[in-house]
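Open the model in your viewer and follow along, one selection at a time. Each stop says what to select and what is there.

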Amino acid sequence: MFIRKVAFIIDGWFMYKRIQSLKLFYYNGENIRNYCRKLLRKNDYLYRIYYYDTLPLNKKGEHPLTKKSIDFSKTDQAKKQTELLESIKKTPLFALRLGTTYWENNAWTIRYDRLKELLKRKITVNELEENDIKPLIKQKSVDLKIGLDIASLANKRIVDVIIVITGDSDIVPALKHARKESIQIGLDTLGNKVRPELEEHIDFKVTAIHKYNHKQ
């Protein structure tokens with residue numbers, strides 16, 4: 001029987017948000033690897049899990065509402081992110097790829113649900129709370145690193161199948177290239193609606209969220 005060699009490409013921020021929203025499992029390297037294994041067929045061989053993320057923001061700022069001084073590298077979120085990345089480094093079969101985190105123009109943003117309430121005049125600015133306002137933090141170079149790894153896996157024919165866990169259509173050019181090199185592409189959006197441009201350039205959809213008790 002033919003044994004497929006499978007690599008996983010994981011958009012870390014996307015997967016983290018979806019797993020937290022669905023409350024599927026405690027998010028660390030071992031449990032991420034266990035999730036990937038649930039997507040494999042009986043005779044598949046797990047080659048490697050490529051995980052893409054960024055280090056916590058290493059900057060200081062002043063909260064626009066409370067005027068508190070904040071060291072973003074020491075927040076609870078930064079500590080959790082550091083612990084996650086350390087767990088991934090120690091988990092076998094992972095390759096951690098790190099882009100950069102940047103604070104765009106030192107800008108802040110209001111949570112979308114609270115912004116809607118403001119625009120509908122259901123609340124006033126005076127009713128906003130500290131956690132309603134967040135720094136506008138973005139990732140840089142993650143999509144580039146994903147694209148380069150997909151191209152490398154395809155060009156060198158290292159694997160037979162690449163399963164991508166993402167909701168981002170920016171990597172479509174890399175997926176198109178891999179398919180031209182006869183690599184099968186699977187997509188897991190973790191229950192998110194599939195973007196048409198993504199669906200057009202994959203070979204199959206797959207997910208394992210139904211294998212978990214959502215009340216965990």
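Start with Asp44. This residue is buried, with a relative accessible area of 14%. The model is a predicted one, so keep that in mind on the tour.

**Stop 1**

Asp44 sits in the loop between H2 and S2, while Arg4 sits in the segment before S1, so the pair ties together parts that are 40 residues apart in sequence. Is Arg4 buried or exposed? Arg4 is buried, at a relative accessible area of 8%.

**Stop 1: the whole chain**

Zoom out and show everything. The chain has seven helices and nine strands. Along the principal axes, its C-alpha atoms fill a box of roughly 65 × 35 × 35 Å. Of the 216 residues in the chain, 42% are buried. The accessible surface comes to about 12800 Å², and carbon and sulfur atoms hold 48% of that. Now think about contacts with a separation of 6 or more: residues 24 or more positions apart account for 71% of them.

**Stop 2: more salt bridges**

How many salt bridges does a search of the whole structure find? It finds 12. Select Arg97 and Asp149 for one of them, where the closest N and O atoms are 2.9 Å apart. Arg97 lies in strand S5 and Asp149 in helix H5 (residues 142-155), so this pair ties together parts that are 52 residues apart in sequence. Arg97 is partly exposed, at 28% relative accessibility. Asp149 is buried, at 12%.

Next, select Lys89 and Glu86. They form a salt bridge too, with the closest N and O atoms 3.2 Å apart. Both are in helix H3, and because they are three residues apart, about one helical turn separates them. Lys89 counts as exposed, at 52% relative accessibility. Glu86 is partly exposed, at 33%.

Finish this stop with a group. Select Arg111, Asp113, Arg114, Glu117 and Asp132, which are linked in a network of salt bridges.

**Stop 3: a charge without a partner**

Select Arg33, in helix H2 (residues 29-38). Arg33 is buried yet has no salt bridge. Which side chain of opposite charge is nearest to Arg33? It is Glu30, 4.9 Å away. A salt bridge needs the nitrogen and oxygen within 4 Å. Now show what touches Arg33. Leaving aside neighbours within four places in sequence, its contacts are Leu46, Ile49, Thr91, Pro92 and Phe94.

Move to Glu30, also placed in helix H2. Glu30 is partly exposed, with a relative accessible area of 46%.

**Stop 5**

Nonpolar side chains tend to be buried together in soluble globular proteins. Select Phe8, Met15, Phe25, Ile32, Tyr35 and Ile165. In the largest nonpolar core, which has 28 residues, these touch the most other members. Strand S1 (5-11), helix H1 (12-22), H2, strand S2 (45-54), helix H3 (76-89) and strand S7 (161-165) each give two or more residues to this core. Which element gives the largest share? H1 does, with four residues.

There is also a second, separate core of 25 residues, which includes Tyr50, Ala95, Ile171 and Ile202.

Go back to Ile165 and show its contacts. Beyond neighbours within four places in sequence, they include Phe14, Met15, Tyr35, Leu39 and Leu190.

**Stop 4: two positive phi values**

Select Leu190, in the loop between strand S8 (184-188) and helix H7 (196-199). Its phi is near 55°, a positive value in a residue other than glycine. Most residues other than glycine have a negative phi. Leu190 is buried, with a relative accessible area of 0%.

Then select Leu93, in the loop between H3 and strand S5 (94-110). The phi of Leu93 is also positive, near 75°. Leu93 counts as partly exposed, at 33% relative accessibility.

**Last stop: a surface patch**

Leu119 is in helix H4 (residues 112-119). Leu119 counts as exposed, at 66% relative accessibility.

Terms used. Residues numbered from 1 in each chain as written. Predicted model: local features only at pLDDT ≥ 70, side-chain atom pairs only at ≥ 80, totals over all residues. Heavy atoms only, no water. Buried < 20%, exposed > 50% of the residue type's maximum accessible area, 1.4 Å probe, protein only. Lys, Arg positive; Asp, Glu negative; His and termini not counted. Contact = heavy atoms within 4.5 Å. Core = buried A, V, L, I, M, F, W, Y, C linked by side-chain atoms within 4.5 Å. Areas by Shrake-Rupley, 256 points an atom, 1.4 Å probe, with all protein chains shown as cover.
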